[in-house]
Amino acid sequence: MHNYQVNRGIQFPGLSRTANSSPTAGELDSMLATGYDIKRGNFTFGPITSLQYTYFGLQPFTETGAQSLDLSVASANANSLIYTLGTRGFYSWQMNKKILVVPQINLGWQHEFLQNPYAINATFPNGAGFNYTTTTALRDSLYTGLGFSVNLAKKYDAFFFYNASCCNPTLVSQNFSISLGVKF
């Protein structure tokens, strides 16, 4: 479940208003993935593949604060089904008896099957309405990742990773992940 706080500034010569809203949305994410590891000394590499489904449903909402320029936005939803085929590799570097560092890299071609244009419908308080239709996303992209993990004394773990989608000008996706763990 997502809850947002949105303040939409409206500026025209002689007019300055802010429309406020608190939209909510639900999201379902699922993924099935597999791979095969080939080990050569401290190197591990191999193919990976996955299928990921996402559903996003925006609940209807109404803005306040901008009087005649407030919008009532209808519900909207989007579906995505992404197939990934790629490879990953990592190197296990035992610095000493207590510290293990594992640099990692992955590359994957992704294909989007479901994300099609959808309409966002809105109306003004006077009943005048309009809709905005999103564009069709390009279907293919290259998804890359680079990062490392650190294990201290087989008790503490840290994970740092950067992922980005590239080679598709209609998709901008960059993620930075950090994880800390303790075994007890």
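**Pocket linings in a predicted model**

Me: By class, how many nonpolar, polar and charged residues are in the lining of the second largest pocket?
Reply: This is a predicted model in which local features need pLDDT of at least 70 and side-chain atom pairs count only at pLDDT 80 or more, whereas totals for chains, interfaces and linings use all residues. Residues are numbered from 1 along each chain as its sequence is written, and side-chain values use heavy atoms, without hydrogens and water. With Ala, Val, Leu, Ile, Met, Phe, Trp, Tyr, Cys and Pro taken as nonpolar, Asp, Glu, Lys and Arg as charged, and the others, including Gly, as polar, the lining of the second largest pocket has 10 nonpolar, 12 polar and one charged.

Me: Which residues lie closest to the centre of the second largest pocket?
Reply: A pocket is an open set of points on a 1 Å grid over the protein atoms alone, where a 1.4 Å probe fits and protein lies on both sides within 12 Å along at least five of seven lines; lining residues have an atom within 4 Å of a point. Of the 23 residues lining the second largest pocket, those closest to its centre are Met 31, Ile 48, Asn 106, Tyr 143 and Asn 163.

Me: Which strand gives the most to the lining of the second largest pocket?
Reply: Strands here are DSSP runs (E, at least two residues), numbered from the N terminus. At least two lining residues come from each of β4, β6, β9, β11 and β15. With six residues, the most is given by β11.

Me: Which strand supplies the largest share of the lining of the largest pocket?
Reply: The lining of the largest pocket has nine nonpolar, 16 polar and five charged residues. Its largest share, four residues, comes from β9.
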